[in-house]
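This report describes the overall build of a protein model and then turns to pairs of oppositely charged side chains.

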Amino acid sequence: MTYGKKLREQIAGPGTTPLIGVYDMYSASIAADHYDGMFVSGFGFAASHYGLPDIGFIAWPDMMAFVQRLRGAFPQHHLLVDIDDGYVDPEVACHVVEGLERIGASGVILEDQKRPRRCGHADGKQVLPLHEYLAKLEMVLATRRDLVVVARTDATDEDDILHRAKTLAATDADVVLVDGVRSVEWIRRIRDVVGDKPLLFNQIAGGKSPRISLTELDELGVDVAIYSTPCLFAAHEAMHSALAGLKEADGRLPEVDTTSGIGVKAATRLLERNIARLRSEAQRVSA
């Protein structure tokens, strides 16, 4: 079974499928212990790989190389990849989609923003004319073999949001995402216009959308939830706290609880599980 088909079947099943945003191999190693699906967030990747905000700095070869490393370490996890606007050009978008499918991505998200692009929960977003985005989307859909394609709109005008959501639902895209949804009522309105098409909801701490549980999202008819930044923001907070503490202690490291604390042994055990997954997958394939 292909990775795309596995994710598609998961989305079609009961409940809302959660996909956890990861930004490097270490965060993915932790996420893999808790969830069976990951989201390669553009926000997180821009921050971790370049130290820059999510406004269009990502180079597609860097993203593809990261996804290849992820797939090697996590052969059974769902991997949904944010490809922003397809890196501007439709031909580039198709080339990236071909490459990601070849190395084992489960799906991609393609947005309708025009440059300069922004995080979906930022102010000042601008969208392409709908016909231009649809032409790019149709090329991507014609290129993919079984990869899940999420059609995303960043429209902010209320009438345009509903029009674009309905139009995207009528394409062969597998899932529709309206980013930056501001209320539960708007989730209901979008759910209504997309009909039977699977719907994705993006949650980001401090963003424009309400904080909603998976149970509540399921009741609203949302099929997929991506959590773009829980790992990144938790790491930010923890690292800031740890380094402030280290400075206050005059450089003396804190004592590590050997049963539950994080030190060299716990970190090594975490990373050794990646080796175990690779060996298990090799044995499964050869059997």
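Helices (H or I, at least four residues) and strands (E, at least two) are DSSP runs, numbered from the N terminus. On this basis the protein chain has 11 helices and eight strands. The model is predicted, so local features need pLDDT of at least 70 and side-chain atom pairs count only at pLDDT 80 or more, whereas totals for chains, interfaces and linings use all residues. Residues are numbered from 1 along each chain as its sequence is written, and side-chain values use heavy atoms, with hydrogens and water left out.

**Overall build**

The radius of gyration, taken over C-alpha atoms, is judged by a globule rule of 2.2 Å times the number of residues to the power 0.38. For 287 residues a compact globule would have a value near 19 Å, and the protein chain agrees at 19 Å. Its C-alpha trace spans about 60 × 50 × 35 Å along the principal axes. Buried residues (under 20% relative accessible area, with exposed over 50% and partly exposed in between; 1.4 Å probe, protein chains only) account for 48% of the 287 residues. Where contact means heavy atoms within 4.5 Å, 72% of the contacts between residues at least 6 apart in sequence join residues at least 24 apart.

**Salt bridges**

Side chains of opposite charge can pair when their charged atoms come close. With a salt bridge defined as a side-chain nitrogen of Lys or Arg within 4 Å of a carboxyl oxygen of Asp or Glu, the structure holds 16 of them.

| Pair | Closest N and O atoms |
|---|---|
| Asp54 and Arg117 | 2.9 Å |
| Arg164 and Asp112 | 3.0 Å |

Asp54 forms its salt bridge with Arg117. Because Asp54 lies in the loop between α3 (42-50) and α4 (60-73) and Arg117 in the loop between β4 (107-111) and α6 (130-143), this pair ties together parts that are 63 residues apart in sequence. Asp54 is buried at 8% relative accessibility, and Arg117 is buried at 1%.

Arg164 is bridged to Asp112. This pair also links distant parts of the chain, with Arg164 in helix α7 (residues 158-169) and Asp112 in the loop between β4 and α6, 52 residues apart. Both Arg164 and Asp112 are buried.

Arg188 and Glu185 both lie in helix α8 (residues 184-194), three residues apart, about one turn of the helix. Arg188 is partly exposed at 45% relative accessible area, and Glu185 is partly exposed at 44%. Elsewhere, salt bridges that share partners join Asp54, Asp84, Glu111, Arg117, Lys125, Arg152, Asp154 and Asp179 into one network.
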